[in-house]
Amino acid sequence: MRITGTGHASMRIDTGAGSILCDPWVNPAYFASWFPFPDNSQLDWESLGDVDYLYVSHLHRDHFDAAHLKRFVSKKATVLLPEYPTSQLEDELRALGFTSFLKTRSNEVHELDGGLKVMIQALISPTDGPIGDSSLWLEHDGVRVLNQNDARPTDLSVFAELGHVHAHMLQFSGAIWYPMVYELPQAAKTAFGKQKRDRQFDRTWRYIDDLKADHVFPIAGPPCFLDDELWQFNDIHGDEGNIFPDQSVFLSEYAKVGGTNGVVLLPGSVSTLTAESIETTHPTDVAGYFANKKAHLEEMRERKAPIIAAEKASWRHPEIDVLGELKKRIEPLLEESIYLAKGVGGPVRFDLVAYDGEAVESIVVDFPGKQVRPYADEKVRYRFRTQRELIEHLIFIDEGDWVNSLFLSCRFSAARIGQYNEFVYAFFKCLSEERLQYAEGWYDEHEKSVDAEDTELGGWTVQRRCPHLKADLSRFGIVDGNVLTCQLHGWKFDLPSGKCLTSVGHQIRAEKTSS
Ligand code: FES
C-alpha cells in the first residue's frame, strides 16, 4: 500500500485494488483565513485527482474544497459516502459532477472490487463537524489503515476489533477559535490556551494508545493564517498558549510520552507500507523544513496575498438590510426551536462594525423572546463583534452554517457571561430547516435516553456515560478531588452537586461510594 501526503488531512492511498483520494484541500477556507501548511498548491493535482475512489470525510471547508474537487478530481471516481442523517454532502458532490456513490453504512465493512475492504464510521451528533464527521478504515492485502481524520469517536474498539491496524492517521492540533477570540486579559488567554493545547495532546495519546497501530501519522492540521489580521495565530511566536502546534512539535511531545513510531508526511511524501515494514521518502528534509517554518510562512504570505485581497473584495454587499434579512431567516427557526433555544437561554448580541471601522450596529438574537431585533441595552449571554461585511456575505450566499464560515474564520471577537454554551454554536450551524429539525430531534432523543449504568471512579459512583457525548467514563473519566474530567473533550463536572463546570446544562449523576 502506498500513502502519499497531499497536505492537511488529505492523502492519496494506492492499493492493488484501486486508489482513494481523501479530503483534498488547497484553496483557502473560512473567509480566506485558513490555508494548508505546508503549501500543497504546487502538487501535480491532475495526476493525484485521477483516482478510483473519493472520500470526503465531512463538509468542513478544510476537508471539502468545492472548487478543487470540481477542477481536479475525476468525476469517474466513486464517492465513498458516510452515512449521514442529511443528504447535504451527497447533494453538494452531485452538484460538482460526481455521479457514482457507494452509500456506506456506518460501522459496516464493505468489500469492493479486488478485495479492498472499507468501513466508514459516521458520527452524527449536532456537535460533530457540520452535523457529521467520519473516519475511514480500510484493508487490502493484509494491511490495515485507520484514517481517523479529525473525528472524535468515543472509542476506537470498532476498528480494533477488525484486526491489528498498521497505520493510524489522526488530528493532534487545534481547529477552533477558542480561546484566541475571547476578550480576556492576555494572561488568562495564555492559561486557557495552554490547557487546551495540553488537552489536545492528551486526547491524541489516548487514541493512539487505544489502537496501538504500528505507525502514527499526525494529520488534519494545523492550518496557517496568512492574512495580517490573523498572523498572530501561527505558532511561531513562542506562545505556550498557542493551540496550533505543528507536526514537528507533535513528534517532540510524542517522544516525551515514549512515542517513537510517528511519521510526518509533507505534501509529496510517500510511505510504502506493508504488514511488516514502512519506508517513507520526502520531497525535502522534514526537520529542516519545520526549522524554517517562519520563513516558509512569510514566503507564502507574500505569494497568497492577491488571493486574500480578491476574496476580501467579494464580501461587501452594502445593499443588504442585515437586520431585516436576519429577522426573515432566523425568526422562523427560533419559533420552531425548543431544545436549542432553551439551551441558549438568553439573548445573543452581534455587534457589526461598519466599513469605516467605527459605526457599530448592534443586533440581538433573542432566544427566549423568539425574535431578532436591535439591541436594547440589556444583559446578554454572548456577545460577538465582527465586520458587517462578513454577515452581509453570509446572507448573500445564503449560508446555513455560520460555524463552517464565520466562526472558524476567527474573524470576530467574543465575550460571554458564565460558561461555554454549546447550544449557541449548535444553533448557528443549523440555520436551515433540515438541520434545525435534525438537531432538535437529536437533543430530544438524547435527553430522553436515561443512562442507567454506573461506574466506580475515585471513590464515586457515577453514571457510566458522559453527559456530553456519551464517552465511556470508565475509560475517559479521571477524578481529582471532587471534580471529574472526561478526557474526550475535557469537560469537567463537580461531583457533589452534579453540575457541569464546562457548559450550561449536562448534569451528571454521582454519589459518594459508601465504604
Ligand atoms: S464526551 Fe465530551 S467531554 Fe465527555
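**View A. Tyr 375 and its surroundings.** Beyond its neighbours within four places in sequence, Tyr 375 is in contact with Arg 349, Ser 362, Ile 363, Val 364 and Val 380. Contact means heavy atoms within 4.5 Å. This is a predicted model: local features need pLDDT of at least 70, side-chain atom pairs count only at pLDDT 80 or more, and totals for chains, interfaces and linings use all residues. Residues are numbered from 1 along each chain as its sequence is written, and side-chain values use heavy atoms, with hydrogens and water left out. Tyr 375 is found in the loop between β19 and β20. Helices (H or I, at least four residues) and strands (E, at least two) are DSSP runs, numbered from the N terminus. With a relative accessible area of 24%, Tyr 375 is partly exposed. Buried means under 20% relative accessible area, exposed over 50%, and partly exposed in between (1.4 Å probe, protein chains only). The side chain of Tyr 375 reaches the backbone oxygen of Glu 378 at 2.9 Å.

View B. Strand β18 (residues 360-366) and strand β19 (residues 371-374) run antiparallel, joined by four bridges. Two strands pair if DSSP finds at least two bridges between them. Val 364 has Arg 373 in β19 as its bridge partner. Four residues lie between the strands, and Lys 370 takes a positive phi near 55°.

View C. Four bridges join β22 to the antiparallel strand β23 (residues 460-463). There, Trp 460 is the bridge partner of Leu 457. This hairpin has two residues between the strands, and Gly 458 takes a positive phi near 50°.

**View D. Aromatic pairs.** The whole structure holds 37 aromatic pairs. Rings of Phe, Tyr and Trp (its six-membered ring) pair if their centres lie within 6.5 Å; planes under 30 degrees apart count as stacked, over 60 as edge-to-face and the rest as tilted. Phe 201 and Trp 205 form a stacked pair, 5.4 Å centre to centre with 15° between the planes. They are four residues apart in helix α5 (residues 186-211), so about one helical turn separates them. Both Phe 201 and Trp 205 are buried. Phe 384 and Tyr 425 form an edge-to-face pair, 6.0 Å centre to centre with 65° between the planes. Phe 384 lies in strand β20 (residues 382-387) and Tyr 425 in helix α13 (residues 422-428), so the pair ties together parts that are 41 residues apart in sequence. Phe 384 counts as buried, at 1% relative accessibility. Tyr 425 also counts as buried, at 3%.

**View E. The buried side of helix α6.** In helix α6 (residues 247-256), the buried residues are Gln 247, Val 249, Phe 250 and Tyr 254. They are on the same side of α6 because they cover an arc of only 145° around the axis. The arc is that of the directions from the helix axis to the C-beta atoms. Their cover includes α5, β13 (215-219) and α7 (286-291). Just after α6, Gly 258 takes a positive phi of about 90°.

Notes. Polar contact = N/O pair within 3.5 Å; in protein donor to acceptor, adjacent residues only side chain to side chain.
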